[in-house]
Amino acid sequence: MTVCAFLGLGVMGAPMAGHLVSAGYQVKVWNRSPDKSKIWAQTHQGAACNTIEAAVSGANMVFMCVGNDADVYAVAKPAIAAMKSGSILVDHTTASAECARSCYGLANEKNIGFLDAPISGGESGAVNGALTIMCGGDAESFTRAQPFMGAYGKAMKLMGPSGAGQLTKMVNQICIAGILQGLSEGIHFAQKAGLDVAEVVDAIGKGAAQSWQMDNRALTMAEDKYDFGFAVDWMRKDLGIALSTAKSVGADLTLTAQVDGYYAEVQDMGGNRWDTSSLLKRLSS
């Protein structure tokens, strides 16, 4: 049986690791909070490890999903140092392209494959095994990792060399930010104009205005419900990475910067853990 390790059991990582067990792999896990590892292991019949080194020892495939660049470095460096030659480290964290390239270099020195593989689909996508995965790295590592990622991903694509996955995720977040701001303003307008939002969405949701956000968030937004996963704090982290990268590549992200400012207003309202559709909240308050 192929041995896998999963490092980081947050709202995304825990169900992803569970899908690997369901797919028939032997899975060892590590988390900074040991209790999470123990609870996960009891639920999924996996092995909880107290250290990163113990988790990755003997593993053919190592997956990680943590918070930001600093977390990636803190976890990836000891993992790479303890992994066996020929194994692969797949990082599902949304981080900078520079971080990905640095980890790729460290792994390459030890004959270890490395993929930056940020994910999209939110908590529901992780729970339902329906994530979209954007990868950067070598074709050989991607081909070997595909069957494993298929346990929790519905779509995955190699976008180019190391860092390309993270750059693609930045595009994803840029687009989502703009769509959600437009959807928020549309719902706000409908409410102020005295329209029934559900009827409006039914009327326009099959035409050019249709989007995943409209299909899945418009009605909950109109009902002032914002507890559907990906938090504003994390979106601001992601947009910050995109805006910083835009300066280095000479891209104009005027709208993205504006929406990032709106998310800052949502945070000031106490909405740090509201989901990203809460842009409407600042218009309705």
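A pocket is an open set of points on a 1 Å grid over the protein atoms alone where a 1.4 Å probe fits, with protein on both sides within 12 Å along at least five of seven lines; lining residues have an atom within 4 Å of a point. The model is predicted: local features need pLDDT of at least 70 and side-chain atom pairs pLDDT 80 or more, whereas totals for chains, interfaces and linings use all residues. Residues are numbered from 1 along each chain as its sequence is written, and side-chain values use heavy atoms, without hydrogens and water.

The lining of the largest pocket comprises 49 residues, with Met12, Gly121, Gly122, Glu123 and Phe230 nearest the centre. Of the lining residues, 16 are nonpolar, 22 polar and eleven charged (Ala, Val, Leu, Ile, Met, Phe, Trp, Tyr, Cys and Pro count as nonpolar, Asp, Glu, Lys and Arg as charged, and the others, Gly among them, as polar). Helix α8 supplies the largest share, five residues (helices are DSSP runs of H or I, at least four residues, and strands runs of E, at least two, numbered from the N terminus).

Helices α4 (residues 69–82) and α5 (residues 97–109) have axes that come within 11 Å and cross at roughly 5°; axes are lines fitted to C-alpha atoms over the stretch in contact, with angles from 0 to 180 degrees between N-to-C directions. Helix α4 is therefore roughly parallel to α5 (angles under 35 degrees). Contact (heavy atoms within 4.5 Å) involves residues including Val72 and Ile80 of α4 and Leu106 of α5. The contact residues divide into eight nonpolar, one polar and three charged.

How values were computed:
Angles under 35 degrees count as roughly parallel, over 145 as roughly antiparallel, 65 to 115 as roughly perpendicular and the rest as oblique.
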